[in-house]
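Me: I have a structure to study and would like to learn how to read its features one at a time. Could you take me through them, giving the general idea before the case at hand?

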Amino acid sequence: MSARDAILKRLRERADGPLAVPECDFAVVTNRGWSQAERLERFERWITSVHGEVIHTPRADWTRRLAEVLAAKGVQRLALGREHPVAAEARKALADAEVELVDADRDIEGWQSEQFERVDAGLTSTRGAIAETGSLWLWPTPDEPRLISLVPPLHIAVLDAETVEDTFFDVVEAHGWAGGMPTNALLVSGPSKTADIEQTLAYGVHGPRELVVLVRHAGERP
Amino acid sequence: MSAPTHPVQTYSPREFHRQAHDALGNPQIRANFRKAMDGLMAKRRDIFSDWDLETLRELGANIRLRALAKLPDLLERLEANCAANGIRVHWAESGEEACRLIREICEAHDAKSVIKGKSMVSEEMHLNAHLEAAGIEALESDLGEYLVQLNEQTPSHIIMPAIHLNTDEISGILHDKTGTERTRDVDYMTAAARAQLRERFMAADVGISGVNFAVAETGTLCLVENEGNGRMTTTVPPVHIAVTGIEKVVEHLRDVPPLYALLTRSATGQHVTTYFNMISSPRKTGEHDGPREVHLVLVDSGRSNIYQDDELLDTLRCIRCGACMNHCPVYTRVGGHTYGTTYPGPIGSILSPHLMGLEETKDLPTASSLCGACGEVCPVKIPIPDLLVRLRKESVGEGRGNVPGAGVKRAKSEVAAWKAFQWLATHPGVWRGSMAMAGKLKALMPSRLGPWTECRSAPKPAKTTLHALVKRHHATKHDGEER
């Protein structure tokens, strides 16, 4: 008998007989009822508590704020996608800027050491965010692959204010995650960190040292 | 290689008492654990302060119970959905079989170098040693695991592997093993490790990780981490092998948020970890990074035996947060290595006997004052104190006899002594006579009674028994009332 069949047989022929299936009440992880302002306030409070930087910008003005961030952080080479509107708008706005744009939509085998050693920042879109934990929701795509939010020392994420939801449970349910998961789904809450050296917090142990979230607002605000 | 900062020491659960004695006499170990555990307890308390914690724990327990109630079906569903997504699923009856399966996958890719994300199951099966013996280098990438590996040790905590080391000790290890400057600058040391490990991520042939939750309905592997080494391990090398115990499966994706909320808050008092990494398939056509092959190795190794028993089953609810050890007065004083097992602390004391047998681990269920803290903080409400008592019974042959090594501590003299006591205590006349006799002969009582009197005074029988005193008291009171 294979290991598989032997294990399943033991589990099915349980000595103490079949187990009762308990009911699960998920009310405790949903129904927060927060307003849009409360959601944003919580999101910002939590993500900044773990070293994330939040910059609010009117939607029409976001690429100018991006350019400011790039200049302030001394970014010379920025990895980004091409097709997503975030990447497309950024490419257009930065066409004449000093910063060199690095195509992320290439097989990693061809540029692994370049990505690890010579890219200063990665720019990605986000699908949404979670107020309760200050988390960004990312589903990497061929256009914005998995590693550009991980390998460069700075990750810049673009978030639309109205896509912040209350809880992780709400996001999973409202967007029907169970109906079709991507290759890789990610929640990102701050830059990479460790406390393995005597519980002293240090950032950027394996992933980005810094995370900047550009929160885009419809209209003139903020 | 120069000598490790700590002398290389091998720990065994058989030597628990000697190891505990040594640890209690080591002020460095005492101080490191005391400081860390006090901090973790305070952080956990604070982060749950605005939650209905009891309701959340109830939900966590029910989700895990539901998964266990349907375990064989869910494992089949997980397998089918993983397969449909392109993840290859393997089953292993034992740790050795899992090691062999993993080695064979590595060999099929002619792998010489493996990079590892944190995985307690891989520690449990001694995977690194197995791979090294086959000429495959296995390097830990979680910073704490990396430090412990450099120092030729094993983790002393399931979440914080290097918690037994302080900053100076870690500085010494990095200096001795990797040539960094001696410093107390944590940022410098972290940056040095980052640079060293990045080279290794790029060069690795295979990445091996654990799994925090395996979701049956979608065939998704969830990994919880702060450092990003888990994402690196599961994204950079061309092959990813995930290894996990069969109990880690949950039914639905919606089951994951409550367990994740409980896990991070219970473990380190964090409201969330930096990364929650959900992997559902290898790299698809058109995608530009991620492994081209993903394997899942499901390990039994004693778990299906625990599964047979209604009471012991609760052990399998564990989500490996480590809160029980953070709150354990014994663990805090003796540290993780003292237990001599992969899983230390209260959860280790109720899990290790099943994995290793009670012959090896007979002292672990007694490594508790039964104060109850572990059961109170457990995010999935495992009645750990009850299970400790059950394993104590099993070890002296008073249980159901379905734990490997049951009865190992049964001693004829002890059984006879308790039988004699029982007879004495149920025969009042003889009891009173014996007690009166003991009071008269108390001068003959030895002042040393083996281990009992190492740190206690020997009991001295009173001149008059309590029974006689009460009788006398009643008699005088009665007289008084009559007058």
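Me: In E9(B), which residue is the bridge partner of Leu223(B)?

Reply: In this predicted model, Leu223(B) has Asn277(B) as its bridge partner in E9(B).

Me: Which strand of chain A is joined to E9(B), and by how many bridges?

Reply: Strand E9 (residues 184-188) of chain A is joined to E9(B) by 5 bridges, and here too the strands run antiparallel. Among the residues involved, Val188(A) stands opposite Tyr275(B), while Ala185(A) has Met278(B) as its bridge partner.

Me: How should I read the side chains along such a strand, and which residues of E9(B) point one way and which the other?

Reply: The general idea is that in a regular strand the side chains alternate between the two faces of the sheet. In E9(B), Tyr275(B), Asn277(B) and Ile279(B) point one way, whereas Phe276(B) and Met278(B) point the other way, and all of them are buried. The strand, residues 275-279 of chain B, is accordingly described as mostly covered, with 5 of its 5 residues buried.

Me: Where does Val205(A) lie, and why does Val205(A) count as buried?

Reply: Val205(A) lies in the loop between strand E11 (200-203) and E12 of chain A. It counts as buried because it has 26 C-beta neighbours inside 10 Å, and the cut-off for a buried residue is 20 or more. Leaving aside its neighbours within four places in sequence, Val205(A) is in contact with residues of both chains, including Lys193(A), Leu143(B) and Glu227(B). Lys193(A) is 12 residues away from Val205(A) in sequence, yet their C-alpha atoms are 5.7 Å apart in space.

Me: How do I read a helix, and which residues of H3(A) are buried?

Reply: An α-helix has 3.6 residues a turn, so residues three or four places apart point the same way. In helix H3 (residues 62-72) of chain A, the buried residues are Trp62(A), Leu66(A) and Leu70(A). Seen down the axis of H3(A), these buried residues fall within an arc of 80°, so they line one face of the helix. On the other side of H3(A), Arg64(A), Glu68(A), Ala71(A) and Ala72(A) are exposed. The elements that cover the buried residues of H3(A) include strand E1 (52-58) and helix H4 (85-94) of chain A. Just after H3(A), Gly74(A) takes a positive phi of about 70°.

Me: What is the order of the strands in the open sheet of chain B, and which strands stand at the edges?

Reply: The open sheet of chain B has 6 strands with parallel pairing, in the order E1-E10-E7-E4-E2-E3. Strand E1 (87-92) and strand E3 (137-140) stand at the edges with a single partner strand each, so one side of each is left without a neighbour in the sheet. From one strand to the next, the twist averages 25°. As one example of the pairing, 4 bridges join strand E2 (residues 113-116) to E3(B), where Val114(B) has Ala138(B) as its bridge partner.

Notes. Residues numbered from 1 in each chain as written. Chains lettered and ligands numbered in written order. Buried ≥ 20, exposed ≤ 12 C-beta atoms within 10 Å, placed from the backbone. Helix = DSSP H or I, 4+ residues; strand = E, 2+ residues; numbered from the N terminus. Pairing = 2+ DSSP bridges. Axes fitted to C-alpha atoms, helices over the stretch in contact; angles between N-to-C directions. Arc of directions from axis to C-beta. Contact = placed C-beta atoms within 7 Å.
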